[in-house]
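Trainee: I would like to go through this model with you, one point at a time. Where shall we start?

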Amino acid sequence: MIKTDQPAASPLPDIGRVTFWELLRALREGWRDFTRAPLYGLFFSAFYVLCGAGLSYWGAGTFTWTLVLALGFPLVAPFAAVGLYEVSRRLEAEEPLGWVSVLSVVWAERGRQLPWIGALLVIILLFWSFFAHMSLALFFGNMQLTNITTSWEVFLTPNGLALVAFEVLVGGLVAMLTFTITVVSMPLLLDRELDFMTAMGVSIRTVLHNRAVMLLWAAIIAVMLLVAMVPMFLGLFLALPVLGHATWHIYRRALFTPLR
């Protein structure tokens, strides 16, 4: 018999029904977790706030790239919440919080399945960036003499309005795809021993089983992130922790899986 150090795979959880009231309750619990352990939320959000502010300062001086960043940021934001999931898990299980214990769990994820989803998110973001460049050339290809850095009025032209509508539509579809494959899979991979493909399949089935509530949750996430990015991304210090903690509680309501 061959011995292996790999932990046994967890059984697949049962998918439950999430109600609108439970969604509101999850938001309240997300706020509660943030207020109970605010330093963790601020710490895990800081990297994304600094990166977002830097990109906004150096690379998003035009309406086009501001739009690209605004639509692209939700594609990588779910990965910011891994440490927040662990904080919420510990608060729920009444386990002690400590920087060493929380960060050691996050660090240990590098050898598990979560990095595969992180890599997938990077690929999706790269696709979105390529698509944004392509659409810019497609709609403004015949306007080479116009400097869109200083001539924002070009976005009020038929081509400019079409570009904005096109990128919002496609960006929304890509963001919804990202939401569907990550909303449950990322906390599930932190909590259970499953491969990332199985976890994404569970996430997809969970969204399909709770279409209306999950669509509302996706809209709440999108609106909160977009509003939070307005003041130089500083609002993410509040939005990311609350959304991350709340997602953990939605995961716990959506899937019938015992605490480890």
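Trainee: Is Phe 34 buried or exposed in this predicted model?
Mentor: Phe 34 lies in helix H1. Its relative accessibility is 9%. The cut-off for burial is under 20%, so Phe 34 counts as buried.

Trainee: Which residues is Phe 34 in contact with, leaving aside its neighbours within four places in sequence?
Mentor: Phe 34 is a residue of helix H1. Its contacts, with those neighbours left aside, are Gly 41, Leu 42, Phe 237, Leu 238, Pro 241, Val 242 and His 245.

Trainee: How many Å apart in space are Phe 34 and Leu 84?
Mentor: In sequence the two are separated by 50 residues. From C-alpha to C-alpha, the distance between Phe 34 and Leu 84 is 8.8 Å.

Trainee: Where is confidence lowest in the protein chain, and where is it highest?
Mentor: The mean pLDDT of the protein chain is 80, with 77% of its residues at 70 or more. Where pLDDT is low, the predicted coordinates should not be read in detail. The lowest mean, 52, belongs to helix H3 (residues 63-76), and the highest, 95, to helix H1 (residues 20-36).

Trainee: What pattern does the protein chain follow along the sequence?
Mentor: The protein chain has 11 helices and two strands. Read along the sequence, the order is β-α-α-α-α-α-α-α-α-α-α-α-β.

Trainee: Of contacts between residues at least 6 apart in sequence, what percentage join residues at least 24 apart?
Mentor: Of the 260 residues in the protein chain, 49% are buried. Among contacts between residues at least 6 apart in sequence, the share joining residues at least 24 apart is 79%.

Trainee: Are H10 and H11 roughly parallel or roughly antiparallel?
Mentor: Helix H10 (residues 211-228) and helix H11 (residues 236-254) pack with their axes 9 Å apart, at an angle of about 165°. Angles over 145 degrees count as roughly antiparallel, so H10 and H11 are roughly antiparallel.

Trainee: Which residues make that contact, and how do they divide into nonpolar, polar and charged?
Mentor: H10 passes H11 in a left-handed crossing. H10 contributes Met 214, Trp 217, Ile 221, Met 224, Leu 225 and Ala 228, and H11 contributes Leu 236, Ala 239, Leu 240, Leu 243, Ala 246, Thr 247 and Ile 250. By class, the residues of this contact are 12 nonpolar, one polar and no charged.

Trainee: Which residues does Ala 239 touch, not counting those up to four places away in sequence?
Mentor: Ala 239 is in helix H11 and is buried, with a relative accessible area of 4%. Its C-alpha lies 6.5 Å from that of Leu 225, a residue 14 places away in sequence. The residues touched by Ala 239 are Met 224 and Ala 228.

Trainee: Which residues does His 249 touch on the same terms?
Mentor: His 249 also belongs to helix H11. Its relative accessible area is 5%, so His 249 is buried. Residues up to four places away aside, His 249 touches Ala 26, Glu 29, Gly 30, Arg 32, Asp 33 and Ser 88.

Trainee: What is the phi of Glu 94?
Mentor: Glu 94 sits in the loop between helix H4 (82-93) and helix H5 (99-108), and is exposed, with a relative accessible area of 73%. Most residues other than glycine have a negative phi. Glu 94 is not a glycine, yet its phi is positive, at about 60°.

How values were computed: Residues numbered from 1 in each chain as written. Predicted model: local features only at pLDDT ≥ 70, side-chain atom pairs only at ≥ 80, totals over all residues. Heavy atoms only, no water. pLDDT = per-residue confidence, 0-100. Helix = DSSP H or I, 4+ residues; strand = E, 2+ residues; numbered from the N terminus. Axes fitted to C-alpha atoms, helices over the stretch in contact; angles between N-to-C directions. Parallel < 35°, antiparallel > 145°, perpendicular 65-115°, else oblique. Left-handed = near helix turned anticlockwise from the far one by under 90°. Contact = heavy atoms within 4.5 Å. Nonpolar A, V, L, I, M, F, W, Y, C, P; charged D, E, K, R; others polar. Buried < 20%, exposed > 50% of the residue type's maximum accessible area, 1.4 Å probe, protein only.
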